[in-house]
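Thanks for making time. I will go through a few local features, one after another, and you can follow along on the screen.

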Amino acid sequence: MIGQFDKKQLHDLLKDFYTAVGIRISVFDDEFRPVTEYPDTPPKLCAMIRSTPKGRAACAECDRAACISAKKLGQAHTYVCHAGLTEAITPLSHGGGVIGYAIFAHLMPEEDRNAAIGEICKRCAPVYGDEKEIRAAAEEIPSQSKSRILAAGKLLNAIAAYLIISGLAVWKNDDFSKQLDTFIEDNISEDLSTDTLCRRFFVSRTKLHAISVKAFGMSISRYIAVKRVEKACRYLRETDMTITDVAAAVGVPDYNYFCKFFSRHAGISPGEYRKKVTGTETKGEKQATR
């Protein structure tokens, strides 16, 4: 499912939160891509890291891993990023799925400030600059007490709820139905059970069913069956694949079950269909068990 964000209002809201709490906040979409953040420019240390291809890749992978953990936990939590800075993240949950993520970034613990700066130097020098440059950049980051950092993590849950309630983050169902259709088409030979699709798109079974009925006019299981029969018909018309191979190619690898499945939806057996549309018979196939 695809999230849609009102970027201008969201940016203004993040600015207000920053004014109130003094902590940089970022919002990511459900594909782990940045949507907006405030302040607009990162601290000097992060700018140094992101100025290199290796640093940008490390930041992107770190953000992705944090988002995945937040999705699994289903609530706010703190973690240490690849550069050694403390951050807090929470999922933006809506309608049984995760629409995005909110992150309080670049936190420096006040109680262990010297140790934290030493760890940052250890992780970042000399890859992103010499130790003197890294230390100077790290020392520019304001300290936050551990209690304030924990409170910030809890505050993220309230922020996430407000983003959903205020409509600044919503599902874009039209795009989701297109994404769902493409995924089914591209993975027609794979397991496309309801549970598989719910895990892939982070939606509930109820939400998936509702969107399928609205977009395709039928339940998701029936829609997949229709797509499989359509693809099977194309293979039978346009290729010389055996029925066994066609069955595997459309995700119904059991030969006997595929013949019954095809007949139930097409009103004719796969062999009879091929003969009808091409005038040829499929040779060398084992017979379906009645």
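This is a predicted model: local features need pLDDT of at least 70, side-chain atom pairs count only at pLDDT 80 or more; totals for chains, interfaces and linings use all residues.

In helix 9, the buried residues are Leu208, Ile211, Ser212 and Phe216.

Next, the length. Helix 9 covers residues 205-216, which is 12 residues, and at 1.5 Å a residue it should span 16 Å. Its end C-alpha atoms are 16 Å apart, which agrees. What follows helix 9? It is Gly217, with a positive phi near 80°.

Helix 3 can be read in the same order. It runs over residues 53-73, has 21 residues, and reaches 30 Å from its first C-alpha to its last, close to the 30 Å expected at 1.5 Å a residue. Its buried residues are Gly55, Cys59, Cys62, Asp63, Ala66, Cys67 and Ala70. They cover an arc of only 135° around the axis, which puts them on the same side of helix 3. On the other side of helix 3, Pro53, Lys54 and Lys72 are exposed. After helix 3 comes Gly74, whose phi is positive, near 75°.

His77 is in strand 4, residues 77-80. Is His77 buried or exposed? Its relative accessible area is 18%, and buried means under 20%, so His77 counts as buried. Setting aside neighbours within four places in sequence, His77 is in contact with Ala66, Ser69, Ala70, Glu87, Ala88 and Ile89.

His106 lies in strand 6, residues 97-109, and is buried, with a relative accessible area of 9%. Its phi is positive, about 60°, although it is not a glycine. As background, most residues other than glycine have a negative phi, and most peptide bonds are trans.

The bond from Tyr38 to Pro39 is cis, with omega near -5°. Pro39 is in the loop between strand 3 (34-38) and helix 2 (44-50). Another cis peptide bond joins Ala125 and Pro126, with omega about 0°. Where is Pro126 found? It is in the loop between helix 4 (113-124) and helix 5 (131-139).

Last item, a pair of helices. Helix 10, residues 220-238, packs against helix 12, residues 255-266, at an angle of about 100°, with the axes 10 Å apart. That angle makes helix 10 roughly perpendicular to helix 12. From helix 10, the contact is made by Arg222, Ala225, Arg228, Val229, Ala232, Cys233 and Leu236. From helix 12, the residues are Phe258, Phe261, Phe262, His265 and Ala266. By type, the residues of this contact divide into nine nonpolar, one polar and two charged.

That is the end of my list.

Methods: Residues are numbered from 1 along each chain as its sequence is written. Side-chain values use heavy atoms; hydrogens and water are left out. Helices (H or I, at least four residues) and strands (E, at least two) are DSSP runs, numbered from the N terminus. The expected span of a helix is 1.5 Å times one less than its number of residues. Buried means under 20% relative accessible area, exposed over 50%, partly exposed in between (1.4 Å probe, protein chains only). Contact means heavy atoms within 4.5 Å. Axes are lines fitted to C-alpha atoms, for helices over the stretch in contact, and angles run from 0 to 180 degrees between N-to-C directions. Angles under 35 degrees count as roughly parallel, over 145 as roughly antiparallel, 65 to 115 as roughly perpendicular and the rest as oblique. Ala, Val, Leu, Ile, Met, Phe, Trp, Tyr, Cys and Pro count as nonpolar, Asp, Glu, Lys and Arg as charged, and the others, Gly among them, as polar. The arc is that of the directions from the helix axis to the C-beta atoms.
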